Amino acid sequence: AAACTLFVLSPSLSMANPPPVEFFAGHNKIQNVVISPDGKHIAFNYEEDNNEVKLAIATSDLSEVVHVLGYGENHHLSGHFWANNERILTSESRNTGNLDGRQTRGQLLGLNYDGKKRTEFLSSQRSGIRVLSRLRHDPEHVMVGKFHFADEGKISLNLMNVNTGELDYQGSLPMESSETTLSALAIDLDGNLRIAVEVDPGRNEFDNEDDIISLHFKDTKGKWRELDLDQKRSPGRFQPLGFSADNRHYYFMSNFDVAENDPVKRGTLGVFSFDFEDEELVLEYRHPDVDILGAIEGPAGEVLGVRYEPGYPEDYFFDTENEHVKLLQAFKATFPNQVVSIPNYTDDGKSCIVFVRSDRNPGMYYIYNEGRLKHVASTQPDVDSDWLGTQEAFTMMSRDGVKLYGFLTLPP
């Protein structure tokens, strides 16, 4: 019943007096809305007054809450995603802050959308799991990377059964050694391992300055090779993004190509693409002042572009004629002067969740289907936009020639 009320709550009428500060310091009432691959259900988190974050599953027409899962006071459920049309994976942990002296114990869970067949897969006391890929061709499994405290940060590739949690180790890679660590693995959209990031800690394992980072790729003939990066700094920063829709290109963020203290390029994270067929590495885009924040993805998880934020959020797309790019741009036109993102799609790409926020909108979720947007819920239903001031981004030059970014917030 508590979950049901989230769908009907709407912003309150404006108050004659200024609202109390608790309205603005409160946590989101609802968050992390995702739609199932077939579009029949949505899953989301909502918070109770006792610092409990629950997981709820509802029909996508918002007519019924099918199941609610909670573990009691101070327990949070988070990070859920649909492994297939029936099955949801989520993480559970106890959250009481960082200063109470107690060690947090977390676990990975699996359950059906109706709450049946709930299974506890893994406790994170000594191990950790990172989901690398949802395998569309194999709905009973996901590809995961497993970490263990004794492995000094190394990652191993495993196939995990989404019903039982059983792990199937996929074997070692040719570049693995006792002297280095595999810190990241990248799976393409067909479920194939194509990229591995290797870290050599150098002479001093506690000093990152002498680390050596190498990128390995599996070429079109199935052979693992090292990508020549011609690194200008040691170590550069590397963050994976994903693959193109045809799996020909791999995208990642890095600043390996900029020397330390470069007065022009300044070492911001740019987005690079690697072409597996031509074996060419291309800098797609770099902003001179700010880092790339992350990828903008399409229905299959393909990378459509990247987002960065030099004041106001901005997008850079690789193909502006792509149908999903055009859809996102249409949403942005529908909600001018707001930040619009698509957390996930149905497998056919015809429906999706749309999240909209701005300086005067704490956040609203919508379902898009058959050309129409339907409001799902507000993250802060008790906050009226009339209470909120506008935030204006600006830049200025300091007296010593440094470009500064700032925000001016004006009262309503």
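User: In this predicted model, where is Asn51 found?

Analyst: Asn51 is not a glycine, yet its phi is positive, about 60°. As for its place in the chain, Asn51 falls in the loop between strand E2 (41-47) and strand E3 (53-59).

User: How are the rings of Phe256 and Phe272 arranged: stacked, edge-to-face or tilted?

Analyst: The structure holds 18 aromatic pairs. One of them joins Phe256 and Phe272, with 4.9 Å centre to centre and 40° between the planes. Planes under 30 degrees apart would be stacked, and planes over 60 would be edge-to-face. The Phe256 and Phe272 pair is therefore tilted.

User: How many residues apart are Phe256 and Phe272?

Analyst: Phe256 sits in the loop between strand E18 (249-254) and strand E19 (270-275). Phe272 is in strand E19. The pair thus links distant parts of the chain, and the separation is 16 residues.

User: Is Phe272 buried or exposed?

Analyst: Phe272 has 3% relative accessibility. The cut-off for burial is under 20%. Phe272 therefore counts as buried.

User: What kind of aromatic pair do Tyr316 and Phe318 form?

Analyst: Tyr316 is partly exposed at 27% relative accessible area, and Phe318 is partly exposed at 25%. Their ring centres lie 6.1 Å apart, with 75° between the planes. Planes over 60 degrees apart count as edge-to-face. The pair of Tyr316 and Phe318 is therefore edge-to-face.

User: Over the ring of which residue does the charged end of Arg194 sit?

Analyst: One aromatic cluster is formed by Phe217, Phe238, Phe243, Tyr250, Phe252, Phe256, Phe272, Phe274 and Phe276. The charged end of Arg194 is 3.9 Å from the centre of one ring. That ring belongs to Phe276.

User: How far apart in sequence are the parts tied together by Arg233 and Glu260?

Analyst: Arg233 and Glu260 form a salt bridge, with 3.8 Å between the closest N and O atoms. Arg233 lies in the loop between strand E16 (224-227) and strand E17 (238-243), and Glu260 in the loop between E18 and E19, so the parts tied together are apart by 27 residues.

User: Which residue of this pair is buried, with a relative accessible area of 13%?

Analyst: Glu260 has a relative accessible area of 45%, which makes it partly exposed. Burial requires a value under 20%. The residue at 13% is therefore Arg233.

User: What is the N to O distance in the salt bridge of Asp291 and Arg237?

Analyst: Asp291 is partly exposed at 25% relative accessible area, and Arg237 is partly exposed at 39%. Their side chains meet in a salt bridge, where the N to O distance is 3.5 Å. Asp291 lies in the loop between strand E20 (280-285) and strand E21 (292-297) and Arg237 in the loop between E16 and E17, so this bridge ties together parts 54 residues apart in sequence. The N to O distance asked for is 3.5 Å.

User: With which residue does Arg360 form a salt bridge?

Analyst: Arg360 is in the loop between strand E25 (351-358) and strand E26 (361-369). Its relative accessibility is 28%, so Arg360 counts as partly exposed. The partner lies in the loop between strand E27 (372-378) and strand E28 (390-397). The closest N and O atoms are 3.9 Å apart, and the partner is Asp386.

User: Which strand gives the most to the nonpolar patch?

Analyst: Phe394, Met396, Val402, Leu404, Leu408 and Leu410 make a nonpolar surface patch of about 470 Å². E28 and strand E29 (403-410) each supply at least two of its residues. Leu408, partly exposed at 41% relative accessibility, lies in strand E29. With 3 residues, the strand that gives the most is E29.

Note on methods: Residues numbered from 1 in each chain as written. Predicted model: local features only at pLDDT ≥ 70, side-chain atom pairs only at ≥ 80, totals over all residues. Heavy atoms only, no water. Phe/Tyr/Trp six-rings, centres within 6.5 Å; stacked < 30°, edge-to-face > 60°. Helix = DSSP H or I, 4+ residues; strand = E, 2+ residues; numbered from the N terminus. Buried < 20%, exposed > 50% of the residue type's maximum accessible area, 1.4 Å probe, protein only. Lys NZ or Arg CZ within 6 Å of the ring centre and 35° of its normal. Salt bridge = Lys/Arg side-chain N within 4 Å of Asp/Glu carboxyl O. Patch = residues over 30% accessible without salt bridge, like charges linked within 9 Å, V, L, I, M, F, W, Y side chains within 5 Å. Areas by Shrake-Rupley, 256 points an atom, 1.4 Å probe, with all protein chains shown as cover.
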